[in-house]
Amino acid sequence: MSRVVLSLGSNCGDRVSAVRDACKWLLTQLENGKSSDIYETQSVGSAGNPYMNAVVSGEYPGNEKSLEALCKQYEREHGRTAEARLRKEVPIDIDIVLADSEVLRPKDYSCWFFQKGYRQIQKALGIRH
């Protein structure tokens with residue numbers, strides 16, 4: 001069982017629904033899952049539309065590679081294509097930022113778009129930063 005923390009974001013279409021639906025889906029994949037609120041952030045580097053973001057944490061029964069493959073499949077099924085990338089459109093993005101307390105994506109971990117939701121989950125779980 002791996003304890004994982006994932007970052008979710010969307011910058012096009014119905015951004016709130018895209019993030020909400022991805023959170024719900026992730027919570028079916030994880031045990032003891034928890035989701036932050038959904039909140040808006042500016043695009044990193046000010047390129048592209050503002051994002052709606054959330055953070056989800058929980059325990060995954062497989063390894064990070066299998067979870068990452070599931071997340072990328074979900075992204076493709078929900079419009080994350082090469083064409084959308086060229087237009088800087090992100091229907092949904094799901095990234096594993098932490099696994100068993102190891103930071104897998106240091107740049108994302110340090111960004112406000114992740115930290116806001118991560119702190120909210122830590123607070124809900126009674127964990128001090």
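The model is a predicted one. In soluble globular proteins, nonpolar side chains tend to be buried together. Here the largest nonpolar core has 20 residues, and a second, separate core has 10 residues.

**The nonpolar cores**

- Among the 20 residues of the largest nonpolar core, those that touch the most other members are Val4, Leu6, Leu8, Leu26 and Ile94.
- Two or more residues of this core are given by each of strand 1 (2–10), helix 1 (15–29), strand 4 (51–60), helix 2 (64–77) and strand 5 (93–99), and helix 1 supplies the largest share, which is five residues.
- When residues up to four places away in sequence are not counted, Ile94 touches Leu6, Ser7, Leu8, Ala22, Trp25, Leu26, Cys71, Lys72, Tyr74 and Glu75.
- The second core, which is separate and has 10 residues, includes Leu98, Cys111, Phe113 and Ile121.

- Helix 2 is made of 14 residues, and the distance from its first C-alpha to its last is 20 Å, close to the 20 Å expected at 1.5 Å a residue.
- The buried residues of this helix are Leu67, Cys71, Tyr74 and Glu75; because they cover an arc of only 100 degrees around the axis, they lie on the same side of helix 2.
- These buried residues of helix 2 pack against strand 1, helix 1, strand 4, helix 3 (82–86) and strand 5.
- On the face of helix 2 that is turned away from its buried side, the exposed residues Lys65, Arg76 and Glu77 are found.

**The ends of helix 2**

- At the N-terminal end, helix 2 is capped by Asn63, which has a side-chain oxygen 3.1 Å from the backbone nitrogen of Lys65.
- After helix 2 comes Gly79, and the phi of this glycine is positive, near 100 degrees.

**Asn11, a buried loop residue**

- Asn11 belongs to the loop between strand 1 and helix 1, and it counts as buried because its relative accessibility is 2%, where the cut-off for buried is under 20%.
- The side chain of Asn11 reaches the backbone oxygen of Lys88 at a distance of 2.9 Å.
- If its neighbours within four places in sequence are left aside, Asn11 is in contact with Asn49, Pro50, Tyr51, Lys88, Glu89 and Val90.

Technical notes
Residues are numbered from 1 along each chain as its sequence is written. This is a predicted model: local features need pLDDT of at least 70, side-chain atom pairs count only at pLDDT 80 or more; totals for chains, interfaces and linings use all residues. Side-chain values use heavy atoms; hydrogens and water are left out. A nonpolar core is a set of buried Ala, Val, Leu, Ile, Met, Phe, Trp, Tyr and Cys residues joined through side-chain atoms within 4.5 Å. Buried means under 20% relative accessible area, exposed over 50%, partly exposed in between (1.4 Å probe, protein chains only). Helices (H or I, at least four residues) and strands (E, at least two) are DSSP runs, numbered from the N terminus. Contact means heavy atoms within 4.5 Å. The expected span of a helix is 1.5 Å times one less than its number of residues. The arc is that of the directions from the helix axis to the C-beta atoms. A polar contact is a pair of N or O atoms within 3.5 Å; within protein, one must be able to donate a hydrogen and the other to accept it, and residues adjacent in sequence count only if both atoms are side-chain atoms.
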